[in-house]
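Subject: Structure for your review

Dear colleague,

Please find below the structure that I am handing over to you. My notes on what was found in it follow directly after.

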Amino acid sequence: MITEAVLNNAVWCEAMCRAHGSPGAFGPRAWTNARRTPLYYPDAVTLTADASVRDVLEGVDGIDRSSPGASVKDSFARLDLSAEGFQPLFEARWIHRPAGLPAPATPDGERWRVIDTPAELGDWARAWSGGDPDEAALFRTELLADPATTVVAGYGTDGRIVGGAVLSESGRVTGVSNVFTADGSDPATTWAGCLGLVRDGRAVVGYESGDDLPPARAAGFEELGALRVWLAAA
């Protein structure tokens, strides 16, 4: 299952890059992008446990590493990129929720649904980013036309967005990412709301770290293994 989680995350990274007009490429052991990827998105993702430093760096050889931001998602936490000018940025845990588990109940009065218009996506992105315009600009309307990508949001009784996530399908799994709460909402209700919109009771995968892990576990996820993100030293 961890390999499906890893591939799903790379597929989502590719979808985000396509939305920004800079698609990457899938190789046998790594997804890579020879152009600088959008903010917070890696320039390479290892796809197999035997991926090497060479598999990663050959695919990103064309990017400008003189400016900050170049990064690599070491999906199995096995590489050492320190000799190549990278340093560890953070570690996280892959998570998996088995297919067929019922979604937890959402609170009365809270309504969760799919985002399907540019205006709604703009509202979602502002809620996700806390109002930061540079971060909100990540989520372009091209994502709405991607059949494998679904942006979901929860609305309170006053009509304001109280939480959201991105669901991305690949193979037999649905990935969940960019999970957020707003207006002081309980993370447990956010997980319940987004899981309720997963199609056909599919298995759900993703990754979380730190204080974001316990709410995922409480929603039925189990940990699969570690990942590490490396950032090119300034």
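Strands β4 and β11 run antiparallel and are joined by four bridges. Within this pairing, Lys 73 has Val 229 of β11 as its bridge partner. Please bear in mind throughout that this is a predicted model.

**Nonpolar cores**

The largest nonpolar core has 37 residues, of which Trp 12, Met 16, Trp 31, Ile 115, Trp 124 and Phe 139 touch the most other members. At least two residues of this core come from each of α1 (2–19), β5 (86–97), α3, β7, β8, β9, β10 (203–208) and β11 (222–232). Helix α1 gives the most, with nine residues. Apart from this core lies another, of 15 residues, including Val 152, Val 198, Leu 213 and Phe 221.

Setting aside residues up to four places away in sequence, Phe 139 touches Trp 12, Met 16, Leu 121, Trp 124, Ala 125, Trp 128, Val 166 and Asn 178.

**Helix α1**

Helix α1 is mostly covered, with 13 of its 18 residues buried. Its end C-alpha atoms are 26 Å apart, which agrees with the 26 Å that its 18 residues should span at 1.5 Å a residue. Just after α1, Gly 21 takes a positive phi of about 75°.

**Helix α3**

Helix α3 (residues 118–129) has 12 residues and reaches 16 Å from its first C-alpha to its last, close to the 16 Å expected at 1.5 Å a residue. Its buried residues are Glu 120, Leu 121, Gly 122, Trp 124, Ala 125, Trp 128 and Ser 129. As background to that pattern, an α-helix has 3.6 residues a turn, so residues three or four places apart point the same way. The cover over the buried residues of α3 includes β6 (111–114), α4 (133–136), β7 (149–155), β8 (161–170) and β9 (173–181).

Ser 129 belongs to helix α3 and is buried, with a relative accessible area of 11%. A polar atom of the Ser 129 side chain lies 3.3 Å from the backbone nitrogen of Gly 131. Leaving aside neighbours within four places in sequence, Ser 129 is in contact with Glu 135 and Ala 136. Just after α3, Gly 130 takes a positive phi of about 70°.

Leu 167 lies in strand β8 and counts as buried, at 5% relative accessibility. Beyond residues up to four places away in sequence, Leu 167 touches Ala 148, Thr 149, Thr 150, Val 152, Thr 174, Gly 175, Val 176, Cys 194, Leu 197 and Val 198. Leu 167 and Leu 121 are 46 residues apart in sequence, and their C-alpha atoms are 14 Å apart in space.

Thr 190 is found in helix α5 (residues 187–195). Thr 190 is buried, with a relative accessible area of 1%. Again not counting residues up to four places away in sequence, Thr 190 touches Trp 112, Val 162, Gly 163, Gly 164, Val 179, Phe 180 and Thr 181.

**Cysteines**

How many disulfides does a search of the whole structure find? The search finds zero.

With kind regards

Note on methods. Residues numbered from 1 in each chain as written. Predicted model: local features only at pLDDT ≥ 70, side-chain atom pairs only at ≥ 80, totals over all residues. Heavy atoms only, no water. Expected span 1.5 Å × (residues − 1). Buried < 20%, exposed > 50% of the residue type's maximum accessible area, 1.4 Å probe, protein only. Contact = heavy atoms within 4.5 Å. Disulfide = S-S within 2.5 Å. Core = buried A, V, L, I, M, F, W, Y, C linked by side-chain atoms within 4.5 Å. Polar contact = N/O pair within 3.5 Å; in protein donor to acceptor, adjacent residues only side chain to side chain. Pairing = 2+ DSSP bridges.
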